[in-house]
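Visitor: Please take a close look at one part of this model, the ligand and its surroundings. I would like one connected account.

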Amino acid sequence: MKFDVTPGWLPFYPTPSKPTLILPQGAVDAHCHVFGPGARFPYAPERKYTPCDAPKEKLFALRDLLGFERNVIVQATCHGADNRALVDALQAAEGRARGIVTVKRDVTDQELKRLDAGGVRGVRFNFVKRLVDFTPKEELMEIAARIAPLGWHIVVYFEAADLAELWDFFTRLPTIVVVDHMGRPDVSKSVTGEEFNLFIKLMKAHPNIWSKVSCPERLSKTGPKALDGEQHAYTDVVPFARRLIREFPDRVLFGTDWPHPNLKDHMPDDGLLVDYIAQIAPTEQLRKKLLVDNPMRLYWPEEKYESNQK
Ligand SMILES: O=C(O)/C=C(\CC(=O)C(=O)O)C(=O)O
């Protein structure tokens, strides 16, 4: 079967640059995707967009170029609850990748065990209205109760404007909860304004809630270069990520979000995205927590990773 890429979306950056920033040894890219290839792993009939094929070989080549050692591959809505492309990538990664899947309430215990054995460590609940149809919260709560005994966690994706409505649901979840892309703040608002303060309040009140400080390219209004023409990327997003890293250094993760589906205005050079990390985590110690200690604790706890910089 042949799928046409959704018109208007840009393909991923073909020739990413080698970052200037040298990542700490053992760095984890904690948010990325594999898509297809569609001929082998068809996209979901209910999808809201058709991405470019972004196969595992390309992801692993990018990992090596950028200086990461491991990946966390996150199921995106275009593959629905069919996790085959993701599981195939985990297998090929030979222990250097973990996965976050999407499951429905009718998933069997046997399937959950199989996914766990394959390297899956969590489920994703997506509340972004342009990406998914509504799933009743009771169903999601049932899934949460089923995956908690496996030691898995829950990744949530939502828009900042919806946080107040989702608050009760999030705070009742029985596992660690990892928020995608800082809860998608509107970065034209103040970093100490009402909207972002609500997200900070959520994290302060609930030590089981973590945040990815990912996706400046999605959140930025100024784009990859600062308005003053300096070579700093996504400067309008920096204060938001810095605040989270400063206030919760042990509960933050970074991911490239490769291959950046659904972007129309510009496609980031992944090398520049890695250089962006130096702006949001300006010391080696913060970068080690963000890129190594925190993801290792969450995704490879059996390695009993201990920071020697604590
Ligand atoms: O890649 C991301 O994290 C963000 C996406 C796509 C996505 O998450 C999905 O389809 O599930 C987006 O904002 O369009």
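Guide: What follows covers the ligand site and then a few residues one by one.

This is a predicted model, in which local features need pLDDT of at least 70 and side-chain atom pairs count only at pLDDT 80 or more, while totals for chains, interfaces and linings use all residues. Residues are numbered from 1 along each chain as its sequence is written, and side-chain values use heavy atoms, with hydrogens and water left out.

The ligand has 16 residues around it, and H33, Y49, T77, Y157 and D257 come nearest; a residue is near if one of its heavy atoms lies within 4 Å of the molecule. The shell divides into five nonpolar, six polar and five charged residues. In this count Ala, Val, Leu, Ile, Met, Phe, Trp, Tyr, Cys and Pro are nonpolar, Asp, Glu, Lys and Arg are charged, and the others, Gly among them, are polar.

For Y157 the distance is 2.5 Å, for Y49 it is 2.6 Å, and for an N or O atom of R130 it is 2.9 Å. The protein buries 100% of the 350 Å² that the ligand exposes when taken alone, with areas from the Shrake-Rupley method and a 1.4 Å probe.

The space taken by the ligand is the largest cavity. A cavity is a set of points, on a 1 Å grid over the protein atoms alone, where a 1.4 Å probe fits but cannot get out. A molecule sits in a cavity if more than half of its atoms lie within 2 Å of its grid points.

D257 is placed in the loop between β8 (252–253) and α9 (270–280); helices (H or I, at least four residues) and strands (E, at least two) are DSSP runs, numbered from the N terminus. D257 counts as buried because its relative accessibility is 1%, where buried means under 20% relative accessible area (1.4 Å probe, protein chains only). The D257 side chain makes a polar contact with the side chain of H33, at 3.1 Å. Such a contact is a pair of N or O atoms within 3.5 Å; within protein, one must be able to donate a hydrogen and the other to accept it, and residues adjacent in sequence count only if both atoms are side-chain atoms.

S214 lies 43 residues from D257 in sequence and 7.3 Å from D257 in space, C-alpha to C-alpha. S214 is in the loop between β7 (209–212) and α7 (216–219), and with 1% relative accessibility S214 counts as buried.

Notes
On a 1 Å grid over the protein atoms alone, a cavity is a set of points where a 1.4 Å probe fits but cannot get out, and a pocket is an open set with protein on both sides within 12 Å along at least five of seven lines; lining residues have an atom within 4 Å of a point. Buried means under 20% relative accessible area, exposed over 50%, partly exposed in between (1.4 Å probe, protein chains only).
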